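Thank you for sending this model; below are my notes on it, written as numbered points that can be checked one by one against the coordinates.

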Amino acid sequence: MRCQLTGVGPVFGNRVSHSHRRTRRRWNPNIQQRRYWLPSEGRFVRLSLSTRAIKTVDKIGIETAVVRIRARGEKV
């Protein structure tokens, strides 16, 4: 799953055992479902955001965040 605002997704790497054998693993982003009231459209929008993006929305506001999400080509 990807963050709708920042576009962050899973990252891949190796799990390294004590004997130094390597197997593939992945780190998933901390994606949360959040519902925001969008005053300009008079409705709620449900977004899948990383925790860092939630802080960004709190800082810049939901209206600016939705503009950025739509600029990335995401549907809101």
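This is a predicted model: local features need pLDDT of at least 70, side-chain atom pairs count only at pLDDT 80 or more; totals for chains, interfaces and linings use all residues.

1. The protein contains two helices and four strands, and, read from the N terminus, its elements follow the order β-β-β-β-α-α.

2. On overall dimensions, the radius of gyration of the protein is 16 Å, whereas a compact globule of 76 residues would have a value near 11 Å. The C-alpha trace spans about 60 × 20 × 15 Å along its principal axes. Among contacts between residues at least 6 apart in sequence, 37% join residues that are at least 24 apart.

3. As for the surface, 28% of the 76 residues count as buried, and the accessible surface comes to about 5,600 Å², with 49% of it belonging to carbon and sulfur atoms. The side chains include 18 positive and 4 negative ones, and the centres of these two sets lie 16 Å apart.

4. In soluble globular proteins, nonpolar side chains tend to be buried together. The largest nonpolar core here has 15 residues, and those with the most contacts inside it are Cys-3, Leu-5, Tyr-36, Leu-47, Leu-49, Val-57 and Ile-62. Strand E3 (31-38), strand E4 (43-50), helix H1 (51-60) and helix H2 (62-71) are the elements that each give two or more residues to this core, and H2 provides the largest share, which is four residues.

5. Which residues does Leu-5 contact, once its neighbours within four places in sequence are left aside? The partners of Leu-5 are Leu-49, Ala-53, Thr-56, Val-57, Ala-65, Arg-68, Ile-69 and Arg-72. Two of these partners, Leu-49 and Val-57, are also listed with Leu-5 among the residues that have the most contacts inside the core.

6. Gly-42 lies in the loop between E3 and E4. Is Gly-42 buried, exposed or partly exposed? Gly-42 counts as partly exposed because its relative accessible area is 45%, which falls between the limits of 20% and 50%. The C-alpha atoms of Gly-42 and Thr-23 are separated by 49 Å, although the two residues are 19 residues apart along the chain.

Conventions
Residues are numbered from 1 along each chain as its sequence is written. Side-chain values use heavy atoms; hydrogens and water are left out. A nonpolar core is a set of buried Ala, Val, Leu, Ile, Met, Phe, Trp, Tyr and Cys residues joined through side-chain atoms within 4.5 Å. Buried means under 20% relative accessible area, exposed over 50%, partly exposed in between (1.4 Å probe, protein chains only). Contact means heavy atoms within 4.5 Å. The radius of gyration is taken over C-alpha atoms; the globule rule is 2.2 Å times the number of residues to the power 0.38. Accessible areas come from the Shrake-Rupley method with a 1.4 Å probe; for residues, only the protein chains shown count as cover. Lys and Arg count as positive and Asp and Glu as negative; His and the chain ends are not counted. The place of a charge is taken as NZ of Lys, CZ of Arg, CG of Asp or CD of Glu.
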